[in-house]
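Reader: I have a structure open and want to learn how to read it. Can you take me through it feature by feature?

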Amino acid sequence: MKKLKKLLLSTALLVPAVAAAQESQGAFTTGQYRNVFVEMGYQPAAVEAKLQDVFNDVFRGPNKVYFEVGDSMGYVSDIKNHDARTEGMSYGLMVAVQFGEKDIFDRLWRWTKKYMQHQSGTREGYFAWSCKTDGTHNSDGAASDGELYFITALLFASNRWGNDTGIDYKAEAQRILNCIQPKEYTPEPRQGFGGFGGGPQQQGPQKMYLIDPETKLITFTPDGFGQRFTDPSYHIPAFYEVWAKWGDDGRSDHWNECARKSREFLHKCINEKTGLNGDQCQFDGSEMQMPRFPGMPQRPQGEAPRRNGNNNFRYDSWRVPMNIAMDYEWSCADGEWQRQYGENIQNFFYSQGIDTFVDQYRTDGTLPEGNEILPAGGFRKLRHSIGLVATTAAASVMCQHEKKKEFVDALWNAKHEPFEDGYFDAYYDGLLRLFAFMHLSGHYRVITPTK
């Protein structure tokens, strides 16, 4: 007990020094991480206990989203949609390696490799973005954020555990890195939107790529119509720096350039006043202009064009404050802009009421209406969602204004439980809540080689 008290005291004393170092350089250089909860007055022991409780809620509690299969596999499920997604599987891998949960990591990777990853053909190395929980594909197409996280989590696993304990993590990461390079393919009939449905059918040979070769920006999907635009929440520049440092694929300069381009893009796609961004946008940061597909009825003369809800701040968009906070923590290559962004977006949500802001807005801060509101779990409704409470709190890592404490306190005190109408999201809300606690407690780290 004396050793624990001494450790907790030394942690509290270290906090101001770590905070000062973070102002000019990130953890890639310093190897240090702030415990913002402790900075805000919470006791170190209470923070560690709360973090473990939040982890257990996701992986071991009655509302868990992680399920083991047999002796060697497991999956993360989006319970309300009855499937397993590359988003959740890759998040689960990242959490597992951060917490040192090797058994969970290996189980998730084995399931992912067996059921999601294409082992041959046009899509070799890519992952089917949605599967039934028995492994049957709901769609063969990929969603690019899954590959982004898979590569990074595998490299961290390689750094943490080596590559001779049953899974060669680095070889698995390098295989994906090689497969995501541009390659030619012929679209299958009705392939459409990279497996998401909709979109115009492209004719003739096409190029498939995760990173657009011209702009160096990540695509929404790595094939079909989806590689013509991007999703701001897929932009995590620090991940490319991880690939540059430990991918050992001969492309370090390329990945560092992708990181630089991604930071430039974030400046363009975010509303300067509100700090909000759309769910999807063009590579130049402008709003989506959805094409009129053959057979669609013409809009009556004089009728105003229907608003494109993809241009609104909604579920995917929630991740952007936390992603930028991660880049600030790890790299701090764009620190001045990131600090201003963090305060801008917190100022906006503060103006909406820290306990009452809703989870979808137009980027100018006005409320969406009707079909603009993206439904979830069978409900089309604006809510004060804990997932967004979490990511706006994570932005406190970047902020210097006093409001940041209120966001941190709001996350600490928020209860992850069903709404009065019965809606409950153990999956997305739960994972974002866990990531935010990891960030704010200093436990979301660059994992460097142990040897």
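Author: We go from the whole chain to the core, then to a helix, the strands, the charges and the backbone.

Author: This is a predicted model, in which local features need pLDDT of at least 70 and side-chain atom pairs count only at pLDDT 80 or more, while totals for chains, interfaces and linings use all residues. Residues are numbered from 1 along each chain as its sequence is written, and side-chain values use heavy atoms, with hydrogens and water left out.

Reader: What does the secondary structure of the chain come to?

Author: Helices (H or I, at least four residues) and strands (E, at least two) are DSSP runs, numbered from the N terminus. Here there are 15 helices and seven strands.

Reader: How much of the chain counts as buried?

Author: Buried means under 20% relative accessible area, exposed means over 50%, and partly exposed is in between (1.4 Å probe, protein chains only). Of the 451 residues, 57% count as buried. The accessible surface (Shrake-Rupley method, 1.4 Å probe) comes to about 18,900 Å². Carbon and sulfur atoms hold 48% of that surface.

Reader: And what share of the contacts comes from residues 24 or more positions apart?

Author: A contact means heavy atoms within 4.5 Å. Among contacts with a separation of 6 or more, 69% come from residues 24 or more positions apart.

Reader: Which residues touch the most other members of the largest nonpolar core?

Author: A nonpolar core is a set of buried Ala, Val, Leu, Ile, Met, Phe, Trp, Tyr and Cys residues joined through side-chain atoms within 4.5 Å. The largest one here has 132 residues, and F105, F239, W243, W330 and F349 touch the most other members. Helix α7 (residues 144-161) gives the most to this core, with ten residues. Take F239 as a case. Beyond its neighbours within four places in sequence, F239 contacts M94, L148, Y149, T152, M326, W330 and Y444.

Reader: Now a helix. Is α8 mostly covered or mostly open?

Author: The general idea comes first. An α-helix has 3.6 residues a turn, so residues three or four places apart point the same way. Helix α8 (residues 169-179) is mostly covered, with eight of its eleven residues buried. Those are Y169, K170, E172, A173, R175, I176, L177 and C179. Their cover includes α6 (102-116), α7, β6 (183-185), α9 (237-246) and α10 (252-269).

Reader: In what order do the three strands of the open sheet stand?

Author: Strands of a sheet pair through backbone hydrogen bonds, either parallel or antiparallel. Two strands count as paired if DSSP finds at least two bridges between them. The order here is β3-β4-β5, with antiparallel pairing. Strands β3 (84-85) and β5 (137-139) are at the edges, each with a single partner strand, so one side of each has no neighbour in the sheet. Two bridges join β3 to β4 (residues 130-131). A84 has C131 as its bridge partner in β4.

Reader: Where do the side chains of β2 go, and are they buried or exposed?

Author: In a regular strand the side chains alternate between the two faces of the sheet. In β2 (residues 73-76), M73 and Y75 are on one side, G74 and V76 on the other, and all are buried. Strand β1 (residues 66-69) pairs with β2 in the antiparallel sense over four bridges. Y66 has V76 as its bridge partner. The hairpin of β1 and β2 has three residues between the strands, and G70 there takes a positive phi near 60°.

Reader: How many salt bridges does the structure hold?

Author: Side chains of opposite charge can pair when their charged atoms come close. A salt bridge is a side-chain nitrogen of Lys or Arg within 4 Å of a carboxyl oxygen of Asp or Glu. The structure holds 27. One of them joins D83 and R85 (2.9 Å, N to O). D83 is buried at 3% relative accessible area, and R85 is buried at 18%. D78, K80, D83, R85 and D425 are linked in a network of salt bridges.

Reader: Which parts of the chain does the pair of K381 and D421 link?

Author: These side chains meet in a salt bridge of 3.1 Å, N to O. The pair links distant parts of the chain, 40 residues apart: K381 is in the loop between α12 (335-351) and α13 (386-394), and D421 in the loop between α14 (403-413) and α15 (428-440). K381 is partly exposed at 38% relative accessibility, and D421 is partly exposed at 30%.

Reader: Last, the backbone. What is the phi of H82?

Author: H82 has a positive phi of about 60° although it is not a glycine. H82 lies in the loop between β2 and β3 and is exposed at 62% relative accessibility. D248, also not a glycine, has a positive phi near 50°. D248 sits in the loop between α9 and α10 and is exposed at 54%.
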